[in-house]
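Open the model in your viewer and keep the selection panel at hand. The tour moves from one selection to the next.

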Amino acid sequence: PWRFGKRVEAIARAALELRMRLLPYLYGLFCEAEATGAPIWRPLFWHDPDDERAAAIDDQLLLGRDLLVAPVLERGATEREVYLPTGAWTAIDDDARYIGPRTVRVAAPLERIPIFARGGSVIPMRSAVRHVGEIPEEPLVLEVYPGGDAATVVVEDDGESPAHRLGMEARTHVRLRSRAGGRLRLEVSGREGEFSLEPRSVRIAVHGCPPPTSVWIDAVRLPVAGRSDDEVGATWHWEGGVLHVRWTDVGDARSLEVDPAP
């Protein structure tokens, strides 16, 4: 990429970093594909076969259930129209929120691939690394997009062998419950499986979140932003419409509640 100049090099680097950040989500999709045959890339109507407008679109795709990708296919284009199916959709790069079904025109310069997260989803991600063998600074980040209930499974194993077929894997079930006018609740199950992981820091990022009046971990109300609670080993802070919560993951079940719910 560097042969095409600094701008192209930076664009390629950003795209590769996004791919590295998405590896936990992509890994889960490949595990789903192995178990059920569901494709990784899905047509826009895959989860709503009655949507006739979605069925007519062939230049967008769903990456799994929860990410909608609208690649730029026209030379010189700096924007494009995107059809968003029923529900809430949030652009993952600037948190702009839209309610479908509708068609929107979005900026799409070379530096940007329009990608939207489904409202009512939890996208497991991690911090970017230079190669898959490098240990990320943040091994697990749960990107939460309110707008409905959701369930996902974070699958982890050695990443190299077929030992997961013999039970050498770790599975963590995550459930999101959103209630308008009430609390948002995120439930993280105890880790299942024979694959062991060292204690690690996990970050929860709740998007489209107003400044919370209270944040609860395992039914314990956390102190003000930035202060740790020794009982639950967690901290939180809010910035730019995103609530960030950190806790130490040792494989036990945990819950997060946010009041008010986004």
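Select L142. Leaving out residues up to four places away in sequence, L142 touches V122, I123, P124, V154, V174, L186, V188, R203, I204 and A205. Contact here means heavy atoms within 4.5 Å.

A note on the source before moving on. This is a predicted model, where local features need pLDDT of at least 70 and side-chain atom pairs count only at pLDDT 80 or more, while totals for chains, interfaces and linings use all residues. Residues are numbered from 1 along each chain as its sequence is written, and side-chain values use heavy atoms, with hydrogens and water left out.

**The cores**

Together with L142, they touch the most other members of the largest nonpolar core, which has 28 residues. A nonpolar core is a set of buried Ala, Val, Leu, Ile, Met, Phe, Trp, Tyr and Cys residues joined through side-chain atoms within 4.5 Å. Buried means under 20% relative accessible area, exposed over 50%, and partly exposed in between (1.4 Å probe, protein chains only). Another core lies apart from the largest one; it has 18 residues, among them L22, Y25, L61 and I123. In soluble globular proteins, nonpolar side chains tend to be buried together.

**Strand β12**

Go to V202. This residue is in strand β12, residues 200-207. Helices (H or I, at least four residues) and strands (E, at least two) are DSSP runs, numbered from the N terminus. Is V202 buried or exposed? V202 counts as buried, at 3% relative accessibility. Show its contacts: beyond four places in sequence, V202 touches L140, V245, R246, W247 and D249.

Select T86, in strand β4 (residues 79-91). T86 is partly exposed, with a relative accessible area of 49%. G119 is 33 residues from T86 in sequence and 9.9 Å away, C-alpha to C-alpha.

Stay with G100 and P101. Their peptide bond is cis, with omega near 10°. P101 lies in strand β5, residues 97-107.

**Another cis bond and a loop**

Jump to D259 and P260. This peptide bond is also cis, with omega near 0°. P260 sits in the segment after β17 (254-259).

Now select D218, in the loop between β13 (214-217) and β14 (220-221). D218 is not glycine, but its phi is positive, near 50°. D218 counts as partly exposed, at 30% relative accessibility. A219 is in the loop between β13 and β14 too. Phi of A219 is near 70°, again positive in a residue other than glycine. A219 counts as exposed, at 58% relative accessibility.

**The whole chain**

Zoom out. The chain has 3 helices and 17 strands. Along the principal axes, its C-alpha atoms fill a box of roughly 55 × 45 × 45 Å. Of the 262 residues, 45% count as buried. Among contacts between residues at least 6 apart in sequence, 58% join residues at least 24 apart.
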